[in-house]
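Student: Please take me through one part of this model at close range. Keep it brisk, and give me the cut-offs as you go.

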Amino acid sequence: MEHGYDLVVIGGGPGGYVAAIRASQLGMKVACVEMRGTLGGTCLNVGCIPSKHLLHASHAFHEAKHGFAKLGVVTKGVALDLNQMMSSKNEVVSGLTQGIEFLFKKNKVDYVQGRGEILGPGKVKVALDKGERILDTKHILIATGSESTPLPGVVVDEKKIVTSTGALDLKKVPKKLVVIGGGVIGLEMGVVWRRLGAEVEVIEFLDKILPTMDAELSKTMQRTLKKQGFSFRLGTKVTGAKTTRSGVNLTVEPAKGGKVEQVEADVVLVSIGRRPYTRGLGLEKVGVETDRGKIKINSHYQTNVAGIWAIGDVVDGPMLAHKAEDEGVVAVELMSGQAGHIDYDCIPSVVYTDPEVASVGRTEEELKAQGLDYKVGKFPFQANSRARASGGGDGFVKILADSDTDQVLGAHIIGPDAGTLIAEIALGMEFGASSEDIARTCHAHPTLNEAVKEAALAVEGRQIHA
């Protein structure tokens with residue numbers, strides 16, 4: 001038995017490691033338990049970071065082959081070295097995971113490698129490679145993240161039928177990649193392999209891609225991806241998959257019922273969502289309540305069992321790394337007696353395709369369903385000088401504001417660097433900004449951010465450059 005911890009965090013992903021560091025800053029004695037063998041969770045090891053590196057690398061390859069000539073940059077003999085691309089990705093991941101270990105040492109957080117199990121309030125058993133450790137603590141924070149949701153009838157082998165993990169480490173470019181699921185992960189990985197030469201088909205159960213985002217963004221994104229060579233089967237369900245010597249044979253049919261068809265692919269990516277990872281935590285034994293797999297918490301991230309807290313993908317809300325990070329910080333600040341709060345209407349969501357897609361706040365569909373009167377301001381990147389000068393003129397910025405108060409209720413961007421641009425609007429919403437507040441803020445010229453200003457001006461029909 002090891003005594004004396006104020007907090008034991010189970011899970012070393014974005015929510016867990018950030019919570020551990022913040023707790024140490026607040027004077028707590030902290031241990032972080034992680035079974036993967038490296039810190040950073042799914043996001044850093046097999047998610048956000050390696051996928052963004054491959055998006056960057058594949059973009060560079062595609063531009064060298066198809067975009068440089070227009071700029072007067074002549075290249076000859078451009079070829080793909082996939083092994084080197086993967087090696088570069090792995091080097092980035094390794095460096096960043098080691099960086100978190102350094103941060104733990106710097107902040108005096110004990111890093112315990114092993115699988116954690118809650119024995120009861122204040123007690124965590126860690127299964128090690130050899131033996132086990134029992135950690136005694138005042139508080140336990142569950143931050144074990146999520147895993148890919150399985151699809152009945154489709155057995156993943158991470159070679160021909162893969163999750164996002166396998167899609168990040170394919171040994172060769174498939175002739176045809178079928179993506180099951182038109183959400184963020186599937187589209188991002190589809191973009192990577194399409195740029196590298198694969199034929200990509202997306203099969204989505206619903207009648208649109210990016211189903212949780214603003215409908216106008218979804219439609220524009222689908223049109224854009226079609227131009228890039230994607231094909232789509234919407235309103236379609238996959239009922240079975242059989243691996244063959246040459247690839248995979250999928251059985252599909254309309255979601256509402258109809259004729260059964262066969263779809264052939266070299267590789268199939270199953271990307272229908274993610275589910276909380278809570279296996280082996282001992283939640284049932286200690287009586288922690290769950291709801292459809294997610295851990296139930298109150299507004300202070302406390303479970304029904306005293307001293308046990310939970311954040312991130314295992315609780316309700318969007319499964320986003322930055323959401324988990326903020327929850328981790330707020331949870332440990334509340335543990336230490338400080339005030340803490342997150343406005344979930346101000347958490348941005350980004351798709352790192354080309355063009356990027358980003359949203360914050362409510363969509364038009366949500367505002368209509370809630371019966372709220374709102375105004376819309378839109379501005380196209382075709383009218384933004386920086387976007388045109390940089391060859392990225394597709395897409396638009398859309399801002400939604402309350403008809404009476406002019407408070408910004410949501411914003412939706414498809415275009416160059418949308419993931420960065422959305423931060424300005426998210427910050428404004430945190431402080432209750434009106435569209436006029438954004439419109440009257442001086443924006444540097446020439447920048448992409450001017451499109452945000454012009455969209456804010458457009459709420460009242462005052463845009464200048466369109």
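**A pocket and its lining**

Tutor: By class, the lining of the second largest pocket splits into 10 nonpolar, 15 polar and 13 charged residues. (Charged: Asp, Glu, Lys, Arg; nonpolar: Ala, Val, Leu, Ile, Met, Phe, Trp, Tyr, Cys, Pro; polar: the others, including Gly.) The model is predicted: local features need pLDDT of at least 70, side-chain atom pairs 80 or more, while totals for chains, interfaces and linings use all residues. Residues are numbered from 1 along each chain, and side-chain values use heavy atoms, without hydrogens or water.

The volume of this pocket is about 1400 Å³. (A pocket is an open set of 1 Å grid points where a 1.4 Å probe fits, with protein on both sides within 12 Å along at least five of seven lines; lining residues have an atom within 4 Å of a point. The volume is the space filled by probe spheres on those points.) It has 38 lining residues, and H59, E63, D354, G391 and G392 are the closest to its centre. The elements giving two or more residues to the lining are α3 (48-66), α6 (184-195), α7 (215-227), α11 (385-389) and β24 (408-415).

Now follow D354. Its side chain meets that of R195 in a salt bridge, 4.0 Å from N to O. (The limit is 4 Å, from a Lys or Arg side-chain nitrogen to an Asp or Glu carboxyl oxygen.) D354 sits in the loop between β20 (349-351) and β21 (356-361) and R195 in helix α6, so the pair ties together parts 159 residues apart in sequence. D354 is partly exposed, at 34% relative accessibility. R195 is buried, at 13%. (Buried is under 20%, exposed over 50%, partly exposed in between, with a 1.4 Å probe and protein chains only.) The whole structure has 26 salt bridges.

Some lining elements also cover other helices. Helices α3 and α6 are among the elements that cover the buried residues of α4 (82-106). (Contact here means heavy atoms within 4.5 Å.) Those buried residues are L82, M85, M86, K89, V93, T97, I100 and F104. Helix α11 is one of the elements covering the buried residues of α14. Helix α14 (450-458) is mostly covered, with 8 of its 9 residues buried. Among them are V452 and L457.

Key. Helices (H or I, at least four residues) and strands (E, at least two) are DSSP runs, numbered from the N terminus.
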